[in-house]
Amino acid sequence: MKRAIPFHSNAVWPPLPLLIVFAVAYGLIEAGIWLINIVSPGARSILVDMPELAGIRIVILASAAAVYAFFRLWRFHPACNPAYCAWLEMSPWTANKPLPVGPVHVVWQDAVVVGALAALAYWHAQANPTVPLIAFGMTYLCGLNLLLALTRRWTSCLVLGFLWPMLLLPGAKGWPGFVVITAIIVVLWHGLRASLRAFPQGFFQTSSNPMGKRPSSLLQMQLDVRIPVLSSASFDTSSKAIGWPYLVLSPKGEVSSVSIRTSFFLGVLMGWWTYCLCVVAEEAVPPGLILFLGVVLAGIRLLVYCKNVATPFNIWGRFATGRLIVPGFDRVFVTPLGVIVLAALGAALMRRMGDESQAAAGAGMVSLLWFVLLAGGPTLRNWLLTGQHRYGAPRLLSTKQPLREL
Amino acid sequence: MIKVVDVSHHYGVRPVLCHINLEIPDGGLVVVMGPNGVGKSTLLGIIAGLLAPAKGYVEINGLRRRSSEAKELEIRKQVAFLSDHPWLPEFMTVREWLLANGQLYDVDQDQLLEHIGRLLDLFQLSDKGDSPIRTCSNGQKKKAAICGALVTEARVLVLDEPFTGGLDSSAILALRRVLKHLAARGEATIVMASQVPEIVEELAGKIAILSGTRVVAYDTMEGLRNQTGCKGALPEVFEKIANPQTLEQIEKYFNRSRS
């Protein structure tokens with residue numbers, strides 16, 4: 001029977017420079033104490049019991065644990081290293097095999113490193129040994145969450161978005177908190193596996209190749225090698241890279257719209273965060289804040305929609321032609337106005353409510369505002385492709401380097 | 001076929017274009033001429049999809065611009081626009097930028113690489129091909145922008161003043177030949193604005209003359225000659241149509257100086 005070989009890699013251990021920095025930082029305190037003890041014998045016993053000194057030591061230990069967690073993700077996750085990612089893409093690696101450079105998931109070496117830091121905290125720093133463990137865990141979990149966002153595992157990110165704030169709730173102390181943390185770990189693990197399984201096509205979704213194609217010929221492979229900007233993940237035709245007016249007239253229509261389903265879930269998520277914040281702060285959402293939020297959100301939407309486009313003719317043109325409303329352009333104002341009206345109505349309604357129901361009502365209003373804001377038509381894609389506007393050269397570009405008029 | 005149907009436009013109070021109607025058949029090469037500030041670039045911008053007209057619409061190969069997402073994207077695949085003031089990303093090399101441009105139009109990779117090589121040779125940009133665009137002179141940038149339009153292999157080319165902007169004589173000759181070739185073989189429908197009469201006379205299948213917000217003439221060179229009863233070269237025919245008082249004013253000017 002073929003037995004699975006347990007993965008082992010010495011690369012997982014903290015690199016020497018990190019160890020040296022930690023040793024120097026931690027050793028400086030010890031050296032200081034030693035010097036003071038030489039100057040005034042007996043001072044050591046006083047210094048060792050000082051809570052400030054224990055505080056500095058635990059900060060160093062927690063920082064070391066956090067840096068190590070960051071190193072584990074940054075060093076071994078393909079999304080953090082474009083060259084590694086590109087090499088992996090060309091290799092026969094699949095998600096069923098271990099990552100060649102080293103594992104992203106937690107391995108026994110991590111337990112040794114974090115255990116050593118915890119032991120140092122307990123026996124030497126006279127501090128709580130769980131602090132380095134928590135620092136490592138939180139940094140690792142938050143970092144992994146960010147990497148899931150980077151690799152577009154939106155469903156996992158959404159679930160995590162609901163789970164993280166639960167830790168702030170008063171009811172999350174003890175066992176319920178442990179259950180939430182376990183759920184976070186399970187979702188992160190599942191998301192990581194899913195992102196690696198989707199490699200390379202679904203890894204960044206805007207794939208590493210600009211047009212999302214695998215090299216199809218020798219010429220294309222030469223192109224990938226000779227002109228890395230076109231084969232690296234940094235190439236992005238949706239950025240300003242392509243110039244003006246090539247981007248705005250692009251036949252690709254890169255701008256994607258937010259679906260109703262996504263709008264709904266994001267709306268609920270925003271409401272949930274609002275609710276958790278209210279519970280933690282033991283404050284209700286002030287009705288005025290809802291109105292302010294509505295105005296700000298409406299303004300942001302208008303900014304996003306009208307960033308690079310202008311009205312086909314100005315206000316004087318409207319008066320001169322008697323066309324005060326230009327439906328093809330003015331439809332961009334409908335949803336922002338709707339959001340403001342909704343916020344005003346919601347604020348008025350909340351004023352009539354009792355204090356005890358205001359947290360839930362405020363969260364509900366925030367959900368509703370976000371939902372209308374994101375789901376309200378026209379979608380950004382529809383607006384840019386079919387709106388009655390004119391594309392203007394972005395100011396940054398037009399002032400930076402236009403072809404001079406000759 | 002490009003159809004411009006009853007297009008009117010104004011940016012503010014002053015009308016720029018009024019009731020413009022044009023039909024450009026497949027494989028046609030139409031040059032839009034007119035005095036400065038008459039709305040040539042606005043008309044080309046409307047055809048290219050850079051702006052929506054205040055009234056009227058544009059149809060390209062039977063698809064109406066900005067009528068739906070799918071139709072607009074389908075039109076964009078068929079149309080390449082050369083603006084009179086393009087902005088090219090300075091940090092990219094000319095070759096990279098051309099590749100990116102061709103890829104936007106889904107041109108086959110191998111064909112694209114080969115076409116870029118030919119274009120760079122044709123416009124004498126081979127030695128600049130792998131240098132950042134910022135190292136190019138204005139004329140070379142203009143050449144790169146022209147290559148950017150040609151490399152898309154789009155069926156419709158909308159070119160705003162392609163012959164200006166510091167092009168050297170060999171580039172002008174090359175562009176003339178390329179456009180003539182594309183139109184003669186029906187490989188592209190070309191609409192361009194130009195103020196260079198010799199080139200217009202040589203290239204244009206039809207000439208649209210804009211004056212005072214309207215298209216005052218839209219015909220072949222021969223048709224315009226018949227219309228004006230003037231057998232001279234294009235500048236004379238153009239002035240008779242677009243600016244009839246110019247010739248009189250020239251006469252007046254010299255008469256006064258003699259007296």
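Predicted model: local features only at pLDDT ≥ 70, side-chain atom pairs only at ≥ 80, totals over all residues.
The buried residues of α15(A), in turn, are A:Thr335, A:Pro336, A:Val339, A:Leu342, A:Ala343, A:Gly346, A:Ala347 and A:Met350. When one looks down the axis of α15(A), these buried residues fall within an arc of 140°, so they line one face of the helix.

## Extent and surroundings of α15

Helix α15 of chain A runs over residues 334–352, which makes 19 residues, and its span from the first C-alpha to the last is 28 Å, close to the 27 Å expected at 1.5 Å a residue.

## The open sheet of chain B

Turning to chain B, one finds an open sheet of 4 strands in the order β2-β1-β4-β5, with antiparallel pairing. Its edge strands are β2 (15–24) and β5 (63–64) of chain B, each of which pairs on one side only.

Strand β1 (residues 2–10) and strand β4 (residues 55–60) of chain B are joined in the antiparallel sense over 5 bridges, and B:Val5 has B:Tyr57 in β4(B) as its bridge partner.

## A helix across the sheet

Helix α1 of chain B, formed by residues 40–48, lies across β1, β2 and β4 of chain B, and its direction makes an angle of about 125° with β1(B).

Notes
Residues numbered from 1 in each chain as written. Chains lettered and ligands numbered in written order. Pairing = 2+ DSSP bridges. Helix = DSSP H or I, 4+ residues; strand = E, 2+ residues; numbered from the N terminus. Contact = placed C-beta atoms within 7 Å. Axes fitted to C-alpha atoms, helices over the stretch in contact; angles between N-to-C directions. Expected span 1.5 Å × (residues − 1). Buried ≥ 20, exposed ≤ 12 C-beta atoms within 10 Å, placed from the backbone. Arc of directions from axis to C-beta.
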